[in-house]
Amino acid sequence: MAGRDIAIIGIGIHPFGRVEGQTGMEQGVVAARRAMADAGVTWDKIQFAFGGSLDGGSPDTMVRFLGLTGIPFTNVVNACATGGSALFGAYTTINSGAWDLGIVIGFDKHPRGAFAVDVTRQGIGSWYGETGLAINPQFFGMKINKYMHDYGISLDTLVKVAVKNFKNGAMNPNAWRKRALTYEEIANSQMVCYPLRQYMICSPGQGAIALVVCSAKEARKYTTKPIYLRADAFRTRRFGSFEVLSPSQPLRFTPGPTVEAAKAAFEMAGIGPEDIDIAQLQDTEVGAEVMHMAETGLCKHGEQEALIQAGETEINGKLPVNTDGGIMASGEPVGASGLRQIYEICLQLRGDAGQRQVPKPVKTGFTQVYGAPGVSCCTVLAK
Amino acid sequence: MTAKGPQKKQFPIQEGLFTWPSDHPQLIGSKCKKCGEVAFPAQKGCPACTGAEVENILLSTRGTLWTWTIQAFRPPSPPYTGPDTPDNFVPYGLGYVELPEGVRVESRLTENNPAKLKFGMEMELVIEKFKEDKDGNELMTFAFKPVGK
């Protein structure tokens with residue numbers, strides 16, 4: 001796979017707000033049409049598709065709206081890593097030489113409230129959910145609580161990450177939350193799973209993204225601003241990594257799938273974390289953004305405290321993170337989020353991010369998505 | 001722990017999680033005969049070495065608190081079946097307790113005040129009532145409480 005870039009030649013989005021009267025799939029169709037228009041292609045030219053959705057229905061049935069052209073259309077579900085693994089499907093398809101032009105569509109529309117997990121579908125007895133242990137934010141609360149203790153990350157830093165993401169979201173016309181919540185509103189919001197409060201954790205949401213992709217050698221036929229997918233690495237957890245929904249953990253420490261996917265992505269691209277100008281990191285909750293900065297190798301464990309306090313992850317900082325507001329501002333439509341990360345990096349690399357455009361020159365971006373029960377996809381994107 | 005009177009009984013929320021009825025209840029885990037890794041609840045295979053020879057073991061009742069959080073809202077039902085309502089819900093602590101057998105088990109905690117929970121503190125197993133069934137029998141689950149409380 002190394003050295004075989006594919007190109008993103010069209011991007012499309014359906015805004016990530018609460019919209020009545022439109023299903024998640026209809027939003028997916030909107031995003032797909034916008035991405036094709038951006039690429040200057042029509043559906044009849046698309047040779048394959050990958051679609052990801054958790055609650056929006058089977059993406060392959062979108063062909064009834066887009067056109068019954070007989071193409072292979074694969075459905076993908078990998079919890080919050082769905083978008084990333086859908087793109088991985090396209091990446092490997094083009095690299096195999098089977099097809100040259102395809103589309104990746106991710107969409108979702110979740111009901112309000114916490115994700116209710118049916119642990120019996122993940123091989124865990126029903127007692128676990130019945131006695132109140134199957135709540136995703138519990139894992140995030142426990143993981144960040146320990147991380148703060150071990151590496152000296154302050155609660156103030158976590159709140160500042162939330163402030164940053166809401167502020168960035170307020171400059172994003174496609175975000176769900178468009179008001180920049182204040183530090184006090186965030187720090188005083190309802191406690192969810194200690195130490196995480198309501199405005200420090202994402203909410204399930206809705207929205208859609210589509211990307212038109214082609215083999216790198218064809219890219220210039222379609223656009224003057226192709227963005228190259230220099231690497232796409234997909235990994236799952238090994239024994240001993242601390243993941244969500246685990247009734248027990250061994251004592252041995254094993255790096256999580258994010259660590260392995262990031263390392264593999266950098267190797268594929270032939271670069272190191274120091275070459276990254278801008279990043280999109282999974283901010284399921286603000287502690288996750290902090291921990292993922294180190295798990296991906298973008299900084300060392302513990303360095304986040306000084307970096308964030310100095311504003312280095314702001315739009316005008318040394319390493320802008322989640323310039324569109326991340327999941328915090330966009331909400332979490334599981335099928336779309338991983339693709340939203342790539343959408344924003346493409347905008348930034350094209351110079352089309354408007355008010356959110358980072359002032360320094362950007363050539364290389366990085367995305368990292370993470371989902372239950374321990375799945376991560378990382379990409380390296382370049383002009 | 002004493003059983004209730006003859007009309008009402010105490011049942012574990014799930015058979016096989018802990019020894020019950022018992023005056024000294026213990027969690028039931030499994031240990032791999034090949035690599036020695038321990039899991040809870042008891043598994044039929046080993047997720048570490050993929051071996052298929054595991055045996056049940058009783059876990060120590062004392063350990064140390066590895067990490068924790070406080071659940072501050074009533075979990076959605078399903079799957080939560082607690083007897084509380086969103087209005088009378090009381091936050092509960094939960095965390096991972098590291099046991100001498102070489103495993104960290106996830107468990108509810110009896111303490112829900114974050115100021116009173118410390119990393120590494122000594123914890124011990126208790127079996128407590130989770131709810132009653134429709135006949136008034138008690139469904140019991142396991143939790144850990146700070147030693148000395």
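**Figure 1. Overall architecture of chain A in the predicted model.** Of the contacts in chain A with a separation of 6 or more, 77% are between residues 24 or more positions apart, two residues being in contact if their C-beta atoms, placed from the backbone, lie within 7 Å. This is a predicted model, in which local features need pLDDT of at least 70 and side-chain atom pairs count only at pLDDT 80 or more, whereas totals for chains, interfaces and linings use all residues. Residues are numbered from 1 along each chain as its sequence is written, and chains are lettered from A and ligands numbered from 1 in the order in which they are written. The secondary structure of chain A comprises 13 helices and twelve strands, where helices (H or I, at least four residues) and strands (E, at least two) are DSSP runs numbered from the N terminus. Along the principal axes, the C-alpha atoms of chain A fill a box of roughly 55 × 50 × 40 Å. Buried residues make up 58% of the 383 residues in chain A, a residue being buried if 20 or more other C-beta atoms lie within 10 Å of its own, exposed if 12 or fewer, and partly exposed in between, with C-beta atoms placed from the backbone.

**Figure 2. The nine-stranded open sheet of chain A and the helices on it.** The strands follow the order S3-S2-S4-S7-S1-S8-S12-S11-S10 with mixed pairing, two strands being paired if DSSP finds at least two bridges between them. Strand S3 (73–76) and strand S10 (278–281) of chain A stand at the edges with a single partner strand each, so one side of each lacks a neighbour in the sheet. Neighbouring strands are turned by 25° against each other on average, direction ignored. Helix H1 (residues 24–39) of chain A packs on this sheet, touching strand S1 (6–14), S4 and S7 of chain A, and its direction makes about 135° with that of S1(A); axes are lines fitted to C-alpha atoms, for helices over the stretch in contact, and angles run from 0 to 180 degrees between N-to-C directions. Helix H13(A) lies across S1, S4, S7, S8, S10, S11 and S12 of chain A, running at about 170° to S11(A). Within the sheet, strand S4 (residues 101–109) and strand S7 (residues 206–215) of chain A pair in the antiparallel sense over nine bridges, and A:Ile105 stands opposite A:Ala210 in S7(A).

**Figure 3. The edge strand S3 of chain A at A:Thr74.** A:Thr74, which is found in strand S3 of chain A, is partly exposed, with 15 other C-beta atoms within 10 Å. Not counting residues up to four places away in sequence, A:Thr74 touches A:Phe50 and A:Gly89. The C-alpha atoms of A:Thr74 and A:Gly89, which are 15 residues apart along the chain, are separated by 8.5 Å.

**Figure 4. Packing of helices H3 and H13 of chain A.** Helix H3 (residues 82–95) and helix H13 (residues 337–350) of chain A pack at an angle of about 70°, with their axes 5 Å apart. H3(A) and H13(A) are therefore roughly perpendicular to each other, in a scheme where angles under 35 degrees count as roughly parallel, over 145 as roughly antiparallel, 65 to 115 as roughly perpendicular and the rest as oblique. The contact is made by A:Thr82, A:Gly83, A:Gly84 and A:Leu87 of H3(A) together with A:Ser337, A:Gly338, A:Leu339 and A:Ile342 of H13(A). These residues divide into three nonpolar, five polar and no charged; Ala, Val, Leu, Ile, Met, Phe, Trp, Tyr, Cys and Pro count as nonpolar, Asp, Glu, Lys and Arg as charged, and the others, Gly among them, as polar.

**Figure 5. The contact between chain A and chain B.** This contact takes 32 residues from chain A and 37 residues from chain B. On the side of chain A that touches chain B, the largest share, six residues, comes from H5(A), and by class this side has 16 nonpolar, 13 polar and three charged residues. Strand S9(A) and strand S7 (residues 103–109) of chain B run antiparallel and are joined by three bridges, with A:Ser248 opposite B:Val105 in S7(B).
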